[in-house]
Amino acid sequence: MDLNKILNDIINTYGKNEGYNVPDISWSDENMIGRYGEYQYWNNRIIVSRLLNTDKVSEKAVASVIYHEYKHQLMKKHTKEFEKTMRLFDGYDKANKELESYFEELSEYPPAKTQNKKMENKSTLILRIRFDKNDEDSYWKALEYFDHRIVGCCDLDLPEEYEGKYEQVIFTIDANGHSFITGWARNVFLHAKPRHIDMKKYKYGEMDYHFKYKRNDGQILLPPGVLDLGTLDSMPQQYIQKGICKLEALGKEDAKNVIEAINLYDLDVHELGFDDNAIDCEAIAIETTDAKELIELAHKDDSAFRSLCILNKAVRLHPGYATLLERAMAKEACGLLDNAVVDVALALSYSPEMANAKFTDTWIKKFCTNCIGGHRLYIQDENQP
Ligand SMILES: [Zn+2]
């Protein structure tokens, strides 16, 4: 199947997305099972699951995936309006049914290009996280991204001796008499009792969490890709009772196999929050180079991350007071408080041309106080010895 040709046919039939450059397109590197495809706004690229590169699936079904992802260039979210646009694709429902049953019947995947080594053969904890058996997505829905970090809660409060920082942690849930790996991370802070932080005085919310790690130090698996760790009754007693144990408690050989399975993992993962490397990405999909138009587009976009990408473009082309303060606000909306303050400092080295009436001295002061205060409160537990 020729992805470029299918994309061109779609554009010829359904029209070009106004104001946007045509994206690149390719098969995914990993075995994408959580989704059929993805539109990567930050590099204007459509990725199609490599599992669809087979004659078991019709070209029409693949075209429907490409159509869907192409339309995501205009709108990130699956709004009613987006769904209405999907109906314009001739045979959309039929194609969807075909894809659904193909993925349901898939039991084996071809070997995919694996990513870099994820875990080392060293001290590792197994930690059972909060999970509602009636909602298979609940373990990742309970995780939150804020200020470059992921936080979440355990199933139970932990024994006191586990308070502290750990080199490696494997996150699990228990379901149907088995324990499953749902993710892993390095450099994890653990709190025996949930840590409660109230950032309301800085105009952010309240948060409870048992664990925290830098987003780029970990991975979260999608429900179809969780790894079976074994039957629950084969798990160590401490894990069963307290929801936590050392990986070595499984036995040396099994512990080694678990690390190996993780390092060979070649399915797609859940992208929660923003990859630190994506924070500086530009909205290369957008055609306009006009500062005012870019700011307007950023305001209109339904995604905070996209607004940030649009303003990255505005700042590069027109560095100045207005573009930088607009970007500071976008970074704050993305929960990137420390980055937001850096932009304010930069903005103040320019003269306030084309500025939004909102940006008074009082506003700037309050904005910085909120960002710095929220950030400090949030990372406090990382600075304890
Ligand atoms: Zn979609």
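1. In this predicted model, the pairing of domain 2 with domain 3 buries about 1,600 Å², and carbon and sulfur atoms account for 54% of that area. On the domain 2 side, D147, Y202 and Y204 contribute 36% of the area buried against domain 3, more than any other three residues.

2. For orientation, the protein chain is divided into domain 1 (3–105), domain 2 (124–270) and domain 3 (281–381). The contact between the latter two draws on 19 residues from domain 2 and 18 residues from domain 3. Taken over C-alpha atoms, the centres of domain 2 and domain 3 are 34 Å apart.

3. Three salt bridges are found across the interface of domain 2 and domain 3, together with 13 residue pairs in polar contact, both residues of each pair being at pLDDT 80 or more. As for secondary structure, the side of domain 2 that touches domain 3 receives at least two residues from each of β5 (144–146), β6 (149–152), β8 (178–198) and β9 (206–214). The largest share of that side, five residues, is supplied by β8.

4. A salt bridge joins the side chains of R195 and D381, with an N to O distance of 3.6 Å.

5. H68, H72 and H78 coordinate the zinc ion, each through NE2, at 2.0 to 2.1 Å. Along the chain these donors follow the spacing H-x3-H-x5-H. Because H68 belongs to helix α2 (residues 59–71) whereas H78 sits in the loop between α2 and α3 (80–87), the pair ties together parts that are ten residues apart in sequence.

6. H78 counts as exposed, because its relative accessibility of 52% is over 50%.

7. A further point concerns S58, which is located in the loop between β3 (45–48) and α2. With a relative accessibility of 29%, S58 counts as partly exposed. Although S58 and L99 are separated by 41 residues in sequence, their C-alpha atoms are 9.1 Å apart in space.

Key. Residues numbered from 1 in each chain as written. Predicted model: local features only at pLDDT ≥ 70, side-chain atom pairs only at ≥ 80, totals over all residues. Heavy atoms only, no water. Donors = N, O, S within 2.8 Å, 3.2 Å for Na, K, Ca; no water. Helix = DSSP H or I, 4+ residues; strand = E, 2+ residues; numbered from the N terminus. Buried < 20%, exposed > 50% of the residue type's maximum accessible area, 1.4 Å probe, protein only. Domains from an automatic or database assignment. Contact = heavy atoms within 4.5 Å. Buried area = accessible area lost by both parts, 1.4 Å probe. Salt bridge = Lys/Arg side-chain N within 4 Å of Asp/Glu carboxyl O. Polar contact = N/O pair within 3.5 Å; in protein donor to acceptor, adjacent residues only side chain to side chain.
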